[in-house]
Amino acid sequence: MHYEGNIIRPPSEANSILLQVTVGCSRTKCTFCGTYMGERFRIKDDSIIMEDIAFAAKYCRRQRRVFLCDGDALIIPQKRLLKILKEINKQLPWVTRVGIYANAKSLKMKTHDELKELKANGLGIAYMGLETGDDATLKKINKGATSKSMIQMGKKAKEAGIKLSITVLLGIAGRKHSWKHAEETGKVLSAIDPEFVGALSLMLIPGTPLYKKYEAGEFPLLEPNEMLEELKIMITHTDLSKGLFHANHASNYLPIKARFPRDKEATLKLIDKALAGKVQLKPEWLRAL
Ligand code: SF4
């Protein structure tokens, strides 16, 4: 396989065939994100992608899923993306699902029918970083989207039959806006009603604009209990018809894996117990991205 730079994939794609179709991310402006720092975004040559699919056809016969890396591969023009999906179908007929990172911009660039066409050709799940549903914070972190556009684009993917997994970031609004961030994020999640939600705890990455703000004393990093309070408010305001709410990423202090609406109340009780010191939190040294 021809891999270049940082290869990132969602935790749930750990066993997938990682097919790198783009290098970097077309945005690279989010102030907290160091994933593709200094990487110039480009779509890889079709010939390289086809070679990698042929390689996977020979050597990845036991993996049932494919994940298209990097940052926001959905930005690939429709014709080229379809060609990749069709080749996966042809050469890897045992693959049952293709996943991709998406953002509000890349979803906006696709029509409803185009998304349905991608779904019909195997695109089963899109991972979207919402980070926060609070417009003031979205602006501050330079996410390039509003809560309204996030809701519209999230719904658009779902209406096309593509499953949606949304990531939110605990601690991203700092201390003063923590409550608002948690409340608004819960509301946006409820409006989109995705199949999966992943809440990560913010970890500051050296070299990012947010890290510089932190060093200058302009951005506070929340304490573990404050992150948990934030998670509690977020969950209180989140209503999913049938979704999995995970906060079990390596970056989190209290691992949570809940099916909503069934486990919502029990999860809130668990957080209360942790806040009261009755459940042990993950020590700092065990947290890693
Ligand atoms: S958070 Fe996502 S959209 Fe923003 S720069 Fe990082 S990879 Fe790109």
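This is a predicted model: local features need pLDDT of at least 70, side-chain atom pairs count only at pLDDT 80 or more; totals for chains, interfaces and linings use all residues.

Residues are numbered from 1 along each chain as its sequence is written, and side-chain values use heavy atoms, with hydrogens and water left out.

**Stop one.** Select Ile166, in strand β7 (residues 163–170); strands are DSSP runs of E, at least two residues, and helices are runs of H or I, at least four, numbered from the N terminus. Ile166 has a relative accessible area of 0%, and buried means under 20%, exposed over 50% (1.4 Å probe, protein chains only). Now show what is in contact with Ile166 beyond four places in sequence: among them are Met128, Leu189 and Phe196. Contact means heavy atoms within 4.5 Å.

**Stop two.** Next, select Leu170, Ser201, Met227 and Tyr253, which are among the residues lining the largest cavity. Helix α9 (residues 224–236) gives the most to that lining, with 3 residues. On a 1 Å grid over the protein atoms alone, a cavity is a set of points where a 1.4 Å probe fits but cannot get out, and lining residues have an atom within 4 Å of a point.

**Stop three.** Finally, pick helix α10 (residues 264–275). Its buried residues are Lys264, Thr267, Leu268, Ile271 and Ala274. Turn to the face away from that buried side to find the exposed Glu265 and Lys269. Then show α9 and β10 (257–259), which are included in what covers the buried residues of α10.

Conventions
On a 1 Å grid over the protein atoms alone, a cavity is a set of points where a 1.4 Å probe fits but cannot get out, and a pocket is an open set with protein on both sides within 12 Å along at least five of seven lines; lining residues have an atom within 4 Å of a point. The expected span of a helix is 1.5 Å times one less than its number of residues.
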